[in-house]
Amino acid sequence: MNQFISSLEQKKIFTERLMLVRLLLAIGALLTITFNNIEYITNFDLVLNDETKFAAIIFFKQFSIFTLFHPLIAKAISIIILLIITTGYLPQLTCFLHAWVHLSICNSFLGVDGGDQIASNLSILLIPICIFDNRLNQWNSSKSVNTKLRKAINVFFNVYYFLILLQVAIIYLHAGIGKLYINEWRDGTCAYYWFTNNIFGAPMHLQKLYNIITLSSFTPLITWSVIILELGLFACILATNIKLKKTFLLTGLLFHFSILITHGLVSFFFSMASALILYLDDENIIFDFFKTKFISLKNVLQSRTLRRRKKQLA
């Protein structure tokens with residue numbers, strides 16, 4: 001038991017991964033708010049009768065940016081908040097604003113999907129961690145402080161962090177088990193129906209490509225592979241092998257990116273990508289990958305600038 005507690009004391013949780021997760025959540029919300037007409041997607045007159053509208057307005061006005069302010073002002077406030085969050089500064093304060101924006105989306109937007117709800121839940125669950133993050137900017141590495149107080153904080157938040165991961169795991173368990181109750185998923189034909197759906201299906205140019213597979217005998221394998229992947233992602237809550245978790249992380253990201261390409265669920269991708277990174281990226285590989293690419297790009301730009309200056313001086 002002492003060895004287990006000691007490992008929790010040393011296990012880093014306040015890493016750049018937290019900021020990467022918050023960035024992806026912010027990008028998803030930013031795209032939704034920026035490229036939609038707020039006056040239209042927050043208009044309850046479109047779907048609610050007078051009785052339910054009255055109840056909704058009373059409830060939502062207490063929380064939502066989009067009912068407290070004029071739609072255009074609310075849009076501007078939300079965009080400013082989300083842009084501030086991307087800088088990484090003062091997570092102890094911006095975590096509340098971040099959760100406020102996501103809660104406002106869930107409480108006020110008409111077309112809310114599972115991705116919006118997941119983003120809202122994660123932004124709320126990350127508040128306690130952000131409050132006790134001692135960094136001024138979450139893009140910086142956390143300083144190792146070996147005080148008794150900091151060790152106690154690490155133990156508490158590693159346990160708390162596991163409870164967040166458990167909720168992500170249950171999302172995939174629910175998705176995988178839920179599909180088993182639907183005939184089309186069980187008989188293996190669901191992939192065809194989703195790809196060719198008039199509303200949520202793939203674009204026509206992709207349907208022609210997908211038909212090569214969905215009209216073949218391989219369709220059940222594709223359909224069932226989705227269920228197997230989701231149940232496998234759930235089982236990763238018990239995984240200790242880093243390579244296995246890395247494999248499921250990259251496979252899961254590719255899976256959700258394919259959903260983005262096929263069904264156009266942009267904000268859903270960013271929500272699930274942030275959940276997967278939080279869930280499986282113990283080694284911070286996604287952040288390190290983008291950091292390496294950013295440094296390489298920075299070096300290329302600096303070398304080009306130096307060449308131009310030398311030519312001007314010559």
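Select Arg17, Lys245 and Asp282: these residues are linked in a network of salt bridges. A salt bridge here is a side-chain nitrogen of Lys or Arg within 4 Å of a carboxyl oxygen of Asp or Glu. Side chains of opposite charge can pair when their charged atoms come close. The model is predicted, with local features needing pLDDT of at least 70 and side-chain atom pairs counting only at pLDDT 80 or more, while totals for chains, interfaces and linings use all residues. Residues are numbered from 1 along each chain as its sequence is written, and side-chain values use heavy atoms, with hydrogens and water left out.

**Stop 1: the network**

Keep Asp282 and Arg17 on screen. Their closest N and O atoms are 3.7 Å apart. The two residues belong to distant parts of the chain, 265 residues apart: Asp282 is in the loop between helix 16 (266-280) and helix 17 (285-313), and Arg17 is in helix 2 (residues 16-34). Helices are DSSP runs (H or I, at least four residues), numbered from the N terminus.

Now compare how covered the two partners are. Buried means under 20% relative accessible area, exposed means over 50%, and partly exposed is in between (1.4 Å probe, protein chains only). Arg17 counts as buried because its relative accessibility is 6%. Asp282 has a relative accessible area of 33%, so Asp282 is partly exposed.

**Stop 2: other salt bridges**

By the rule above, the count comes to four salt bridges. Select Arg135 and Asp133, one of the pairs, with closest N and O atoms 2.6 Å apart. Arg135 is buried, at 5% relative accessibility, and Asp133 is buried with a relative accessible area of 2%.

Next select Lys179 and Glu230, whose side chains meet in a salt bridge at 3.1 Å, N to O. This pair also links distant parts of the chain, with Lys179 in helix 10 (residues 148-179) and Glu230 in helix 14, 51 residues apart. Both Lys179 and Glu230 are buried.

**Stop 3: along helix 10**

Stay on helix 10 and pick Tyr172, which lies there. Its relative accessible area is 2%, so Tyr172 is buried.

Then show helix 10 together with helix 16. Their axes come within 9 Å and cross at roughly 130 degrees. Axes are lines fitted to C-alpha atoms, for helices over the stretch in contact, and angles run from 0 to 180 degrees between N-to-C directions. That angle makes helix 10 oblique to helix 16. Angles under 35 degrees count as roughly parallel, over 145 as roughly antiparallel, 65 to 115 as roughly perpendicular and the rest as oblique. Helix 10 passes helix 16 in a left-handed crossing, meaning that the near helix is turned anticlockwise from the far one by less than a right angle.

**Stop 4: helix 14 and helix 15**

Select helix 14 and helix 15 (residues 242-263). The two axes come within 11 Å and cross at roughly 135 degrees. Helix 14 is therefore oblique to helix 15. This crossing is left-handed.

**Stop 5: a nonpolar patch**

Switch to a surface view and select Leu209, Ile212, Ile213, Phe218, Leu221, Trp224 and Ile228. These residues form a nonpolar patch on the surface, with about 730 Å² of accessible area together. Helix 13 (204-214) and helix 14 (219-235) are the elements that give two or more residues to the patch. Patches are made of residues with over 30% relative accessible area and no salt bridge; like charges are joined within 9 Å, and nonpolar side chains (Val, Leu, Ile, Met, Phe, Trp, Tyr) within 5 Å. Accessible areas come from the Shrake-Rupley method with a 1.4 Å probe, and for residues only the protein chains shown count as cover. Ile213 counts as partly exposed because its relative accessibility is 37%.

**Stop 6**

Trp139 lies in the loop between helix 9 (127-131) and helix 10. Trp139 is partly exposed, with a relative accessible area of 25%. Its C-alpha atom and that of Leu20, 119 residues apart along the chain, are separated by 8.1 Å.

Move to Leu90, in the loop between helix 6 (71-87) and helix 7 (91-108). Its phi is near 50 degrees, a positive value in a residue other than glycine. Leu90 is partly exposed, with a relative accessible area of 42%.

Finish at Asn284, in the loop between helix 16 and helix 17. Phi of Asn284 is near 60 degrees, again a positive value in a residue other than glycine. Asn284 counts as buried, at 10% relative accessibility.
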